[in-house]
Amino acid sequence: MPPKGNQLRSNSFKDESRPRQSSASRNERERLSRPRLESLPVFNLGDGRIIKIAGLLCLIISVFFLIAFTSYIFTWEADQSYVLESNGGWGNLFKTQQELIDNGVTNPVVQNWLGKLGALMANQFMFEWFGLASYFFVLVFFVIGYRLLFKVRLFSVAKLLGYSFFGLIFSSVAIGYIHGFVNNYPHYFEGEFGYWSTRLLNAQIGPAGTGCVLAFAALTVLIIAYNIDFKLPERPKKQVRGSDSDIIEPDSIELEDEVIFEPVEWPRANNRSRESATPAPLAPESQERLKQEPSFRPTVTAPLTPEPVLTHNLAHAAAIANVAKVADEVILSPEISYDHNEDESDSEEVSNGDEIPLTVEDSRPQAELSIEKEADKNTNELVEKFGMYDPKLDLSSYKYPTLDLLENYGTNKINVDATELEANKNKIVETLNHYNIEIDKIKATIGPTVTLYEIIPAPGVRISKIKNLEDDIALSLAALGIRIIAPMPGKGTIGIEVPNQHPEMVSMRSVLATEKFQNTTMDLPIALGKTISNEVFVADLAKMPHLLVAGATGQGKSVGINAILVSLLYKRHPSELKFVMVDPKKVELTLFRKIERHFLAKLPDEADAIITDTKKVINTLNSLCIEMDQRYDLLKDAQVRNLKEYNGKFVNRKLNPENGHRFLPFIVLVVDEFADLMMTAGKEVEMPIARLAQLARAVGIHLVIATQRPSVNIITGTIKANFPARLAFRVLSKIDSRTILDAGGADQLIGRGDMLLATGSDLIRIQCAFVDTPEVEKISDHIGNQRGYPSAMLLPEYVGEGEASAPKDFDPNDRDPMFEDAARLIVLHQQGSTSLIQRKMKLGYNRAGRIIDQLEAAGIVGPFEGSKAREVLYPDEYSLERHLEELQKSSGN
Ligand SMILES: Nc1ncnc2c1ncn2[C@@H]1O[C@H](COP(=O)(O)OP(=O)(O)OP(=O)(O)O)[C@@H](O)[C@H]1O
């Protein structure tokens, strides 16, 4: 017999008696035998083609039967003489007309729509076998064919076969039984099978007995299939109240008892029924779907009813919770595990069962969807009419700074030669050997300023022993700035960072020119420099979300801040980003003065956008807190959680500017010398900074705070707790390093832009990108020389405690036309807020602000109270009207 398919590779073909061959010769033999195997026509059932052909065949058979059987009903009499067994039967299929006539066939031209084969086939099935019940074959072939061809399961095949078999026998016998009472219908109704079976049964148990047997069979199948209920006529029963005050129909309570008798086939259905508590009228389509599973009905009715879905009442919530609970239990129920052992019919029950909670899930969002659609319609119309809101449109001709404004320092090549590496390696190994520490392996990674030597110590060496040798290794290498990382996080090694003899300067240009920065999708990308493995390091300030920078004087802090600012200027449009700059040293950030009308934000009556005066810093910080609160109000009103979602909605014109909504740019507060502020203003500065650091992240306000003196009275616990991202340049003591990073290391840096970035648990050593003052100047000029906004972005007004007492001068003749209406509105709502005037009277922020100032001057509202609404000084409209009359009179005079 020729070998077939996979059998060739099976072990049975191995000749165990023969000595084992070497694997090489075995491979050779397999190689030689392979082409022969592949040339065999292997029909793999899993391939899918055979299945499709089989499916198609089944469908065709089904259609063939349908046409042949149906035709037979109309043509059986005409074809009778052709198909009769006595006239030749199936043997007539290939006979000529003459032969047929010779055989006694009176009508040799067959009338069946499917010709001779159709006539013979239909006669066989309907007359000789099962009569009209033969249509079950049509159904079976159709379902199987459909499933194989389209891979869609109409019914469970196993169930279908079972029920069809029963239907075939039962229908045939039942029709035969009826034939006993009604004589005038043809024999093909019940077929030979039905006819003889009935006669046999009648002879044994009489017609009444046969009727009982048939009734028993029918009811048995109905119970198996649908678990039908047998109920006596109901007595009127009282309604019972459920625990969650939902009305429970008595039926559902009875059902708890019923389920005990349910077949094991639907264990999950039983669970459901027991949990059911909130029946309600059933939606027609649901009824249709659930007809096959009457026992499920009480559970699913409540959530499927459309009405509670829309009203979202308590009962509905309880119903949903119930169903969710049931669904969970069903999934978790250990009872269902036996399903796997059964045929697919069970799994279908499972899937049917799952449909029910799914329907509930579907119905909930539907209600929301319709609301959304309504809102969407308006928005879509707006978007169609005006297009999406483009925040950049005001400065559409704005040109981003180009890379050629930056210098290319250094060679961008690393100057560490093999001898330096070898020498350092030998010194490390020698030093460690000197202290009896053996090394398995050593590996060097060369960075721009330092080279990392990673050591794998021999088994049994204590890590603390190596860590303690830090100074000794530094001494033997005769180098400053050695840092030992034991163990390296995420690696099973110990790292020793050794400064390079010729450190490479990392120019800002080389960092910004990389794909990593150019193609970044970060909101606020800051290119800090290069890591120890010479990779460009780009972080997202929006995710940090605030940055604390510390370092002793002259270690590269100002350059670092410039690098951060320059990165942001290269990536963001003036409409997307605003800086609030605080520079107590007065010289560090002055270069950015030129970009005031593009990128800076300031207090309304400030002349200079870069704040140098401590008093003004306090006002600015408090003003930022007000801006933050206002932004939160806007976010709340827009029902979004962060700035990105808010701006997304605004751009899609889902938020109405007339209701005070506006595009919100990111705001980055940069403080260059925080220690100075803390020394002069202390708590007054610390509190708003801490508030901003705690809350401002979601509304797009981020802080970059730098200090020379990282002592605990400057970087207090409150501040530290809210700045997870900290950047340390070289500091002078270990204590300072601990204050800023919560770990040592910053004291061992080598300065000149060598820094450690702590982001939560990670500590990354980075060589800061260098950007010199002339470059910053060029960038500022490039931006400043372009068309900008009329002024810097104006922050909300904040009046300090001392300044608040004196009311502003108010010219009664220069009142806003809406002044009186605004006064009435404020008194009616008893809420002195600018945003109320803005929203209700549909005014812009500035005009509303002016009106509120006028109201304050007219003594209608109290002074500004930070983020709180102003006090309203008139309790009712009557007293207000009298006051307004007086005002009018006095202005008339
Ligand atoms: N990333 C860098 N690469 C190379 N050299 C740098 C780098 N950063 C700083 N330097 C060098 O260090 C000097 C001092 O840097 P910088 O002015 O930023 O220090 P600082 O910490 O801001 O000092 P201060 O606090 O006194 O203002 C620079 O003039 C420059 O020569």
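Residues are numbered from 1 along each chain as its sequence is written. Because the model is predicted, local features need pLDDT of at least 70 and side-chain atom pairs count only at pLDDT 80 or more, while totals for chains, interfaces and linings use all residues.

An unreviewed UniProt entry places the feature "transmembrane region" at residues 53-74, 129-149, 161-182 and 205-228. UniProt positions are given in the numbering used here, feature names are shortened, and annotations may be inferred rather than shown by experiment. Residues 53-74 are 100% helix and 0% strand, with end C-alpha atoms 32 Å apart. For residues 161-182 the values are 86% helix and 0% strand, and the end C-alpha atoms lie 31 Å apart. Helices (H or I, at least four residues) and strands (E, at least two) are DSSP runs, numbered from the N terminus.

Next come the sheets, in which two strands pair if DSSP finds at least two bridges between them. Seven bridges join E3 to strand E4 (residues 450-457) in the antiparallel sense, and alanine 444 has tyrosine 453 in E4 as its bridge partner. Contact between two residues requires their C-beta atoms, placed from the backbone, to lie within 7 Å.

A second open sheet contains 10 strands in the order E8-E7-E17-E16-E15-E9-E14-E13-E10-E12, and its pairing is mixed. Here the edge strands are E8 (536-540) and E12 (610-611), each of which pairs on one side only. Strand E9 (residues 547-550) has both faces covered: Leu547 and Val549 on one side, and Leu548 and Ala550 on the other, are all buried. A residue is buried if 20 or more other C-beta atoms lie within 10 Å of its own, exposed if 12 or fewer, and partly exposed in between, with C-beta atoms placed from the backbone. E9 is joined by four bridges to strand E15 (residues 725-728), and the two run parallel; leucine 547 has alanine 725 in E15 as its bridge partner. Four bridges also link E9 to strand E14 (residues 701-707), again in parallel, with valine 549 opposite alanine 706 in E14. Elsewhere in this sheet, strand E10 (residues 577-582) and strand E13 (residues 666-671) pair in the parallel sense over six bridges. Helix H24 (residues 674-681) lies across E13 and E14, at about 90° to E14.

The unreviewed UniProt entry gives the label "binding site" to Gly551, Ala552, Thr553, Gly554, Gln555, Gly556, Lys557 and Ser558. Glycine 551 sits in the loop between E9 and helix H20 (557-571). With 30 other C-beta atoms within 10 Å, glycine 551 is buried. Leaving aside residues up to four places away in sequence, glycine 551 touches Gly556, Lys557, Ala728, Phe729, Arg730 and Val731. Serine 558 is placed in helix H20, and serine 558 is buried because 21 other C-beta atoms lie within 10 Å. Glutamate 645, in helix H23 (residues 643-651), is partly exposed, with 14 other C-beta atoms within 10 Å.

The last feature is a helix pair. Two packed helices are described by the angle between their axes and the distance between the axes. Helix H30 (residues 819-829) packs with helix H31 (residues 834-841) at an angle of about 115°, and their axes are 10 Å apart. H30 and H31 are therefore roughly perpendicular to each other; angles under 35 degrees count as roughly parallel, over 145 as roughly antiparallel, 65 to 115 as roughly perpendicular and the rest as oblique. Where they meet, Asp821, Ala822, Leu825 and His829 in H30 face Leu836, Ile837, Lys840 and Met841 in H31.

Note on methods:
Axes fitted to C-alpha atoms, helices over the stretch in contact; angles between N-to-C directions.
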